[in-house]
Amino acid sequence: MKHQDLLELLKNNHLSLASCESLTGGLFASTFTSIPGASEVFKGAIVTYTDEIKEKLGVSKETIDTYGAISKECAREMALNASNYFSSDITVSFTGNAGPTASEGKDIGLVYVGLIIKNNLYVYKLNLTGTREVIREKVVDFAFKTIYEKINYFGEQNL
């Protein structure tokens, strides 16, 4: 699947897209918006790189204190709050540790991806390997592929 394929699928199904990014630092948004025509479906992105900004977006302090910013709970809240902010049909969130050192006592390569497609919420836990850049690229590619597959699986009438 090429990145252009996701854009075409979103356009054909009249679906909007947004992202909320931490470890990826806007890489998903940058990659998507590098495709000509992305403005037809992409609503925007928020980079919530610090816990303070995650909380300003609406991730609860209790979630961060209890589970950490690198958690499925945080990825879930990031996706939900960004989805509400952008009023997007599809919202993806990224939180994790790309290295070079462990954070929150969690291993390098531990990543959580939150994904909302209409009213369906998914959270994926990934254990990736490679350099910081490779981990970030792998998780962005995972998101492109997963969003594409989910839209194809549900079909327009079931979204």
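This is a predicted model: local features need pLDDT of at least 70, side-chain atom pairs count only at pLDDT 80 or more; totals for chains, interfaces and linings use all residues.

Reader: Where is Glu-104 placed, and what is its phi?

Author: Glu-104 belongs to the loop between E3 and E4. Although the residue is not a glycine, its phi is positive, with a value near 55°.

Reader: Is His-14 buried or exposed?

Author: His-14 sits in the loop between H1 and E1, and its phi, near 55°, is positive in a residue other than glycine. Its relative accessible area is 66%, and because the cut-off for this class is over 50%, His-14 counts as exposed.

Reader: Which peptide bond is cis?

Author: The proline concerned, Pro-100, is found in the loop between E3 and E4. With omega near 20°, the cis bond is the one from Gly-99 to Pro-100.

Reader: How many bridges join strand E4 to strand E5?

Author: E4 (residues 110–117) and E5 (residues 120–127) form a hairpin with two residues between them, and in the turn Lys-118 has a positive phi of about 55°. Within the pair, Val-111 stands opposite Leu-126 in E5. The two strands run antiparallel, and the number of bridges joining them is eight.

Reader: How far apart are the end C-alpha atoms of helix H6, and what span should its residues give?

Author: Helix H6 (residues 132–154) has 23 residues, and at 1.5 Å a residue they should span 33 Å. The end C-alpha atoms agree with that expectation, because their separation is also 33 Å.

Reader: What covers the buried residues of H6?

Author: The buried residues of H6 include Ile-135, Val-139, Phe-144, Ile-147 and Phe-154. Among the elements that cover the buried residues of this helix are helix H1, strand E1, helix H2, strand E3, E4 and E5.

Reader: At what angle do H1 and H6 pack, and which residues of H1 meet H6?

Author: The axes of H1 and H6 are 10 Å apart, at an angle of about 35°, and their crossing is left-handed. The residues of this contact divide into seven nonpolar, two polar and two charged. On the H6 side the contact includes Asp-141, Phe-144 and Tyr-148, while the residues of H1 that meet H6 are His-3, Asp-5, Leu-6, Leu-9 and Leu-10.

Note on methods:
Residues are numbered from 1 along each chain as its sequence is written. Side-chain values use heavy atoms; hydrogens and water are left out. Two strands pair if DSSP finds at least two bridges between them. Helices (H or I, at least four residues) and strands (E, at least two) are DSSP runs, numbered from the N terminus. The expected span of a helix is 1.5 Å times one less than its number of residues. Buried means under 20% relative accessible area, exposed over 50%, partly exposed in between (1.4 Å probe, protein chains only). Contact means heavy atoms within 4.5 Å. Axes are lines fitted to C-alpha atoms, for helices over the stretch in contact, and angles run from 0 to 180 degrees between N-to-C directions. A crossing is left-handed if the near helix is turned anticlockwise from the far one by less than a right angle, and right-handed if clockwise. Ala, Val, Leu, Ile, Met, Phe, Trp, Tyr, Cys and Pro count as nonpolar, Asp, Glu, Lys and Arg as charged, and the others, Gly among them, as polar.
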